[in-house]
Structures are given as C-alpha cells and as structure tokens.
Amino acid sequence: MAQHDYNVANSDGATVRADLNALAAAAVSLNSGGTAPATTFAHMLWADTTAGLLKMRNAANSAWVTLGTLGSAYLGLVPANGLTYPAADGTAGQVLRTNGSGALSFVRPGMELVASATASNSAAIDFTSISTADYAYYTLVGDNVVPSTNAVGLVVQVFQGGVIQNGAGNYRHHTWRYTPSGSGTGGSSGDFYMVVSSGSETLGTAADQTFSFKLTAHDLAQATQKKRFNWEAQGIFSSGATVAFAGGGMFILNNAACDGLRVACTGGNIASGKFWLYGHARS
C-alpha cells in the first residue's frame, strides 16, 4: 500500500530518488490504502483497501466514484463478452432481451404485474388508466374473495374514457358450472355486467366460503370489435357446494377502446379479497 502527493521536491540525489520510488509505488498500487489520499486529482484512482473497492475521483475533483470490487473478476461487473448493449436506458418496467446473436435491447417482459388491490368492505375494485398501447391483453386474478352480503354474484365491468360502462344490455356472458352433484349452464344475452360466478350459485359469507378466479381480457385497445373475455373460477358458495366454473363474455359496444376494469358484487360490498392485474406485452 502506498500513496504520494505526486510532487517531487528539489533535493539531493538520494532524497529525490527515494521520493520517485515512493511515487512509483503509489502509481503501480493505484494509490492503495485504508484511507483516501490526502492529495487528490481529477480522475485519480484509489484502491480503497478498507471497503475493498476501486474508486475514481470525479472530474470536478470533489468526490470519489466507485468503479467496482477489488479482487473480483471484471471488478464484479458484467463483462461485455461480445455483447452489444443499448445506447440508452429503457423505460420503466422494461428488461433486456437478446436476439441470440449478442445484440441486447430493452423490451417489456412477456407478462408483468400492472397493479394490485386489497378489498376491505370495498364498493368495488377498480383498475383504471390501464395502457392499451403497451399490452396486448390483460389477466385479472382474484383470490379469497368474500362479499359483505350473503348470496350475491361477482361481476366485472369495463371503463371507456375513464367512465364505467354499466348500461342495460351492454354485456353478454355465459358460464358452465361443475359440482360434485352435476353440472349446468347460466348466462345472459343482455346484462349490466358480466357475471363471473354462475347466477345459480352465489357467493357466501360463512367462514369457509371464498371465491377465486382468473379472467383474461382480450385486446381492449381495438375500437371496431366487441371486447372479449374468458375466465375460470372456483369456490365454496352460499349453498355450501364446491363449484368450478368456466365462462366467457363480451362487452358489446365497439365504439372505443376500454381503459379500465371493475370488480364488484351484485349487492353490497366486497368484504375482503386480493386482486392482481397483469399485462401481457405486445410483441
């Protein structure tokens, strides 16, 4: 370990030689030491042996900038290894993807969490201002959903331009239900919402009666076709029956893109439950 002020004063030959040797020792050891050199210069290197880091003085000679870890290959940094990195940073939420030939670019992951919510006697769970430009479709997941009022259905509606769409006849939905005692169907060709739980099986408030579902909302960005949805769900219902569902539905107005989703009950509030909205990136 050696440090030097990099100023060789005029003196006799032996003293100057000793000073030059000390300067060389500092230079070849990257000014190593447990404390910073007393005399610093812009872009000066310092092997900080206390922290185990290689540091460089900034251009203004006002602070040290950490470059990496001493004793680690590539200073602990990722080596290029023939890779071509993007020239600029990506946007929030993007990740690096390779083309298989060493070129890296920033892209959105195939699926990412957009938002989450927890119900607590909530009139509705709303996911609004969702991006239809970034994502081709969405997956909405609800788990351990319990209503505040017994024997109600769980429904989904959409937003257009930030306004909830709840007009009569705006939705169509159909559900297949499966129980240990048999199966059946339910639905409507014109409703105020899409019923994710079958109309003949309602959500209950007893301790063991919870409901979970996964719903896919397809291409909410397009404004010329009906918006399409499909879902799967299961739970123990107000009747005490264990029921599994598979269903599909439509928002039949095709005049604009949809920019939000709402989950609610046909009566009362959502007492509890967790909800997650995932976006699937456009290719």
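Reader: Okay, where is Leu-30?

Author: Leu-30 sits in the loop between H1 and strand E1 (45-48). Those labels are DSSP runs numbered from the N terminus: helices (H or I) have at least four residues, and strands (E) at least two. Before we go on, this is a predicted model, where local features need pLDDT of at least 70, side-chain atom pairs count only at pLDDT 80 or more, and totals for chains, interfaces and linings use all residues. Residues are numbered from 1 along each chain as its sequence is written, and side-chain values use heavy atoms, with hydrogens and water left out.

Reader: What's the phi of Leu-30 near?

Author: Phi of Leu-30 is near 55 degrees, which is a positive value in a residue other than glycine. Most residues other than glycine have a negative phi. Tyr-74 is another non-glycine residue with a positive phi, of about 55 degrees. Tyr-74 lies in the loop between strand E3 (64-69) and strand E4 (95-98), and it is exposed, with a relative accessible area of 55%.

Reader: Back up a bit, how many residues does H1 have?

Author: H1 covers residues 13-28, so 16 residues, and reaches 22 Å from its first C-alpha to its last. That is close to the 22 Å expected at 1.5 Å a residue, where the expected span is 1.5 Å times one less than the number of residues.

Reader: What caps the N-terminal end of H1?

Author: Asp-12 does, with a side-chain oxygen 3.2 Å from the backbone nitrogen of Ala-14.

Reader: New topic: the strands. In what order do they line up in the open sheet?

Author: The open sheet has 8 strands in the order E6-E18-E8-E14-E15-E16-E11-E12, and the pairing is antiparallel. Strand E6 (111-122) and strand E12 (182-191) are the edge strands, each pairing on one side only. From one strand to the next, the twist averages 15 degrees. To count as a pair, two strands need at least two bridges between them in DSSP.

Reader: How many bridges join E11 to E12?

Author: 8 bridges join strand E11 (residues 171-179) to E12, and a hairpin links the two through 2 residues. His-173 has Ser-188 in E12 as its bridge partner, and Trp-176 has Thr-185. E11 also has 8 bridges to strand E16 (residues 242-251), again antiparallel, with Tyr-178 standing opposite Ala-244 in E16.

Reader: Which residues touch the most other members in the largest nonpolar core?

Author: Of its 35 residues, those are Phe-211, Phe-213, Leu-215, Phe-229, Val-263 and Phe-275. A nonpolar core is a set of buried Ala, Val, Leu, Ile, Met, Phe, Trp, Tyr and Cys residues joined through side-chain atoms within 4.5 Å. Beyond its neighbours within four places in sequence, Phe-275 is in contact with residues including Ala-115, Phe-127, Val-141, Phe-213 and Val-263. Contact means heavy atoms within 4.5 Å.

Reader: And Gln-209, why does that count as buried?

Author: Gln-209 counts as buried because its relative accessibility is 9%. Gln-209 lies in the loop between strand E13 (194-195) and E14, and its side chain reaches the backbone oxygen of Phe-237 at 3.1 Å.

Reader: Last one: which side chain makes a polar contact with the side chain of Asn-230?

Author: That is His-218, at 2.6 Å. A polar contact is a pair of N or O atoms within 3.5 Å; within protein, one must be able to donate a hydrogen and the other to accept it, and residues adjacent in sequence count only if both atoms are side-chain atoms. Asn-230 is in strand E15 and counts as partly exposed, at 34% relative accessibility. Asn-230 and Tyr-6 are 224 residues apart in sequence and 73 Å apart in space, C-alpha to C-alpha.

Notes
Axes fitted to C-alpha atoms, helices over the stretch in contact; angles between N-to-C directions. Buried < 20%, exposed > 50% of the residue type's maximum accessible area, 1.4 Å probe, protein only.
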